[in-house]
Amino acid sequence: MRVPLIDLNAQYEELKDRLSDAIAHVLEASAFAGGPFVEEFEAAFAEYCGTNHCIGVGSGTEALWLALLALDIGPGDEVVTVPNTFIATVEAISYTGARPAFVDVDPVTYTMDPSLLEEAISNRTAAIVPVHLYGQPASMAEITEIAGRYGIPVIEDAAQAHGAVYAGQRVGTHGVVGCYSFYPSKNLGAMGEAGAVVTNDATLAEKLRMLRDHGQRSKYAHDVKGWNARMDGLQGAVLSVKLPLLDVWNAKRQAVAQAYSEAFAELNWANVPVTAEDRNHVYHLYELAVDGREELIKELRTADIAAGIHYPQPIHLTNAYSSLGYGVGDFPVAENCSQTLLSLPMFPHMSEEQVSAVCEAVRSFRYQTV
Ligand SMILES: *Cc1c(COP(=O)(O)O)cnc(C)c1O
């Protein structure tokens, strides 16, 4: 049975009529760049996250970049983040002119290891950016406690964790600002590029609204050097249709994850993902830690089952960031993640047959140690 890593078409089939109506409304109103459909989504997403403000932007990368700029981060500053992430987290830091500095991840949650955070802080550290990777919140209590002691703002990269909760509160609301991506394959995805920043800080929110719209407070009153980072009206309308389904879809992801983890619990060559106690996991990706990853991928491919690698290189070992001067062995847990983690098919519309097919194919794999 063919099982893709993700099937966006199944989601489209569920929502076809509602999406067509929503898109028609935008076309009829010619409200394409920002505007009322974006504002409607911003209000709904702020309420969903439990924040006072949501600022819709063009992508998750822009959300991170503008959040850093809104905190006046730039040349001469350092921003601490993790090497086990999608490269956008680090690009956003670089594009302010600040220097990214890394701290390794925890071997259980694969997110920022708070016990290593203080060593990474210097007198130039201007922000800390934990990433809620694969759908699991980072250890925010420890991270915000340390950041608070040093007076450093925390910016959360929540691009993979829409709807995830840590200590009773949504991700993105534990630091000063939270950054979301609505790239189509995310847990809440647009039909194109989109992102958002959430915050309770009214001054930051105001600054972000200006930064995303050419630095203007009102039309042609350009008070700061801004950018064009508005969210499309079409994306706002699409996201408003999908947001009410996010919790249902996340619950389906969790059910798939539970079926996988039960099926793989006894395998002596694989470790299932572990969720720490004070948080939930919304399984943007289901990461199985395996010995013999290449062989397993080949075997799954024979059974027509897709698998992915997130990510084949930790950021400190990419060509793009070689100039930072890090090398192999500097962040061993992140490096180990890049060599052993395998993403299995994960999407809310997976059929029972598809889930069983993946369980069967993985369980029948016999890893041969040499
Ligand atoms: C997707 C993603 C981003 C970037 O979002 P885009 O909308 O693709 O620009 C940033 N950080 C992480 C962890 C992501 O997964």
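Q: Is Asp-72 buried or exposed in this model?
A: This is a predicted model, in which local features need pLDDT of at least 70, side-chain atom pairs count only at pLDDT 80 or more, and totals for chains, interfaces and linings use all residues. Residues are numbered from 1 along each chain as its sequence is written, and side-chain values use heavy atoms, with hydrogens and water left out. Asp-72 belongs to the loop between helix 3 and strand 2 (78-81), where helices (H or I, at least four residues) and strands (E, at least two) are DSSP runs numbered from the N terminus. Because its relative accessible area is 58%, and buried means under 20%, exposed over 50% and partly exposed in between (1.4 Å probe, protein chains only), Asp-72 counts as exposed.

Q: Which residue does a cis peptide bond join to His-310?
A: The omega of this bond is about 10°.

Q: Which helix gives the most residues to the shell around the ligand?
A: There are 15 residues around the ligand, each with a heavy atom within 4 Å of it. Helix 3 (60-70) and helix 4 (88-94) each supply at least two residues of this shell. The greatest contribution, three residues, comes from helix 3.

Q: How far is a polar side-chain atom of Thr-61 from an oxygen atom of the ligand?
A: Thr-61 is among the residues that come nearest to the ligand, as are Gly-60, Asp-157, Ser-181 and Lys-186. A side-chain N or O atom of Gln-160 is 2.8 Å from a ligand oxygen, and for Lys-186 such a separation is 3.1 Å. For Thr-61, the distance is 2.5 Å.

Q: What share of the area that the ligand exposes alone does the protein bury?
A: Taken alone, the ligand exposes 380 Å², an area that comes from the Shrake-Rupley method with a 1.4 Å probe. The share buried by the protein is 93%.

How values were computed
A polar contact is a pair of N or O atoms within 3.5 Å; within protein, one must be able to donate a hydrogen and the other to accept it, and residues adjacent in sequence count only if both atoms are side-chain atoms.
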